[in-house]
Amino acid sequence: MAHVTTKKQAMFKMIAFGAASAAIYGTIFQNANALTEMFSRGGYYAAGPIATVFLVSYVHGGFASNLWSALGIEAKRTVKTAQPTQTKRPEVRATLNA
Amino acid sequence: MDVALDSLKFIDLNTSSIIFLFIVGFIGGLVSGFIGSGGAFVLTPGMMSLGVPGTVAVASNMCHKFPKALVGAIKRFRYGQVDIKLGLVMAASAGIGVQVGIKIQNMILDAWGQAGSNLYVSASFVAVLVIVGGYVFYDAMKSRNSTGKDETPALAKRLQSINLWPMIYFKTANVRISLWFTLPVGFATGMLAATIAVGGFIGVPGMIYVMGVGGLVSSASELVIAFAMGLGGTVNWAMHGMVDIRLTVIILAGSLLGVQLGAIGTTLVREVMIKVVMGSIMLIVAVSRALALPKYLAQLGLMDIAPERVAIMDKVSFVIMCAALLLGAVIILGAMFKARKSMAGHEEAVAQA
């Protein structure tokens with residue numbers, strides 16, 4: 001069953017992911033020149049920018065997702081019409097009425 | 001620790017350039033989340049207008065594109081719109097298309113130089129966007145007022161009826177078609193991606209009109225193709241040290257917000273809106289690129305035009321390109337707003353009843 005996040009839960013998650021995202025962005029821009037120079041060396045250093053964008057996309061992506069949920073902007077829930085559950089029909093048994 | 005950067009390769013960032021990249025990233029992400037591609041065509045020239053060298057602009061753009069596509073694909077997968085098998089099959093043939101596209105580019109560059117290459121890129125832009133974009137827009141306008149679901153196009157129906165081994169069944173798309181008919185679509189997507197950086201302008205219409213996949217699943221599965229191609233391209237560029245991580249993460253900050261909003265939008269609006277947005281953007285971008293043609297024709301000595309006029313046309317071309325993206329975003333947000341309003345009205349009526 002899909003877990004439905006409430007607005008309050010989304011708000012908490014947004015704050016947590018937002019703080020983590022701010023920390024990552026802060027670290028990147030604190031060391032912007034050093035990182036840019038290191039990641040532009042090529043070769044095995046190519047792993048640097050790729051790992052960075054994966055990390056940013058997870059953390060900042062989590063923040064973005066919860067931000068829209070906290071603001072009440074969510075996907076339309078597909079309403080499935082409730083199918084009547086098939087119940088086993090009682091077997092007809094021969095009874096003796098004495 | 002302060003390290004001096006190579007000023008020929010990396011620009012100095014200021015507040016206005018950061019805001020510009022963030023906003024373009026957001027709008028590009030919104031459009032990508034909705035139609036499966038877009039945004040990249042404005043970001044590369046946009047970065048170049050800030051003074052970023054062409055190769056660094058392309059590399060940094062590509063490095064932001066694949067994580068954005070991944071996030072968008074995951075989101076839309078949760079909505080049941082992504083056909084992973086379709087995306088991977090298309091991505092495999094698109095990979096070959098990219099390699100061929102790069103070879104053709106290099107051949108043109110060797111034969112006619114940078115101006116020849118630019119002319120080829122712009123002419124491809126105009127030809128593809130006018131023909132494909134024109135048809136998408138025409139089809140969108142035709143089916144705009146119909147209330148039912150999209151019908152399978154005649155060409156797709158015909159191709160699906162040909163039982164040519166090996167036949168593949170795409171479950172989410174609910175399409176059974178021969179592998180041979182998927183290959184040209186994927187190949188053309190890759191070729192276009194290598195030429196104009198937006199393969200989705202061929203990929204999505206190709207999946208809709210040639211293979212018979214619905215607009216929603218096509219645009220969502222395009223994100224899988226964009227992820228696979230973007231990751232491959234980024235590894236290549238990063239190995240050559242061309243990625244400016246500062247530019248990439250700034251654009252990513254905006255585009256991750258946009259791509260999720262665009263993905264949410266697809267669940268709120270009618271499916272035909274994907275075609276409306278895609279057709280509109282393609283046709284306006286075609287006008288923008290057509291304005292760039294005289295400059296390259298003049299550089300090759302095939303046309304006589306005053307340099308001042310070329311400079312004006314260049315600026316107008318860039319503004320029109322930004323306007324195309326902006327218009328796409330306005331249509332998406334407008335349609336989402338309208339859909340939410342009507343949903344709220346409906347819920348209220350149900351509550352009162």
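Predicted model: local features only at pLDDT ≥ 70, side-chain atom pairs only at ≥ 80, totals over all residues.
Residues are numbered from 1 along each chain as its sequence is written, and chains are lettered from A and ligands numbered from 1 in the order in which they are written.

Along the sequence the pattern is α-α-α-α-α-β-β-α-α-α-α-α-α-α. The radius of gyration of chain B is 20 Å, close to the 20 Å given by the globule rule for 353 residues, so the chain is as compact as a globular protein of that length. The radius is taken over C-alpha atoms, and the globule rule is 2.2 Å times the number of residues to the power 0.38. Along the principal axes, the C-alpha atoms of chain B fill a box of roughly 65 × 50 × 45 Å. Of the 353 residues in chain B, 51% are buried; a residue is buried if 20 or more other C-beta atoms, placed from the backbone, lie within 10 Å of its own, exposed if 12 or fewer, and partly exposed in between. Among contacts (C-beta atoms, placed from the backbone, within 7 Å) in chain B between residues at least 6 apart in sequence, 82% join residues at least 24 apart.

Helix 12 of chain B has 46 residues, which should span 68 Å at 1.5 Å a residue, and its end C-alpha atoms are 67 Å apart, in agreement. The expected span is 1.5 Å times one less than the number of residues. Buried positions in helix 12 of chain B include B:S317, B:M321, B:G328, B:I332 and B:M336. The cover over the buried residues of this helix includes helix 1 (15–35), helix 2 (40–49), helix 9 (245–268) and helix 10 (272–290) of chain B. B:L325, located in helix 12 (residues 307–352) of chain B, is buried because 23 other C-beta atoms lie within 10 Å. Beyond its neighbours within four places in sequence, B:L325 contacts B:I27, B:G28, B:V31, B:G38, B:G39, B:V42 and B:I281.

The largest nonpolar core has 119 residues, of which B:L192, B:F227, B:V277 and B:M282 touch the most other members. Helix 9 of chain B gives the most to this core, with 14 residues. Such a core is a set of buried Ala, Val, Leu, Ile, Met, Phe, Trp, Tyr and Cys residues joined through C-beta atoms within 7 Å. With neighbours within four places in sequence left aside, B:V277 contacts B:F34, B:I35, B:G328, B:I331 and B:I332.

Between the chains, 33 residues of chain B are in contact with 31 residues of chain A. Helix 9 of chain B gives the most to the side of chain B that touches chain A, with 13 residues.

The peptide bond from B:W165 to B:P166 is cis, with omega near -5°. B:P166 lies in the loop between helix 5 (154–160) and strand 1 (167–170) of chain B. B:N174, in the loop between strand 1 and strand 2 (175–178) of chain B, has a positive phi near 55° in a residue other than glycine. B:N174 counts as exposed because it has 12 C-beta neighbours inside 10 Å.

Notes: Helix = DSSP H or I, 4+ residues; strand = E, 2+ residues; numbered from the N terminus. Contact = placed C-beta atoms within 7 Å.
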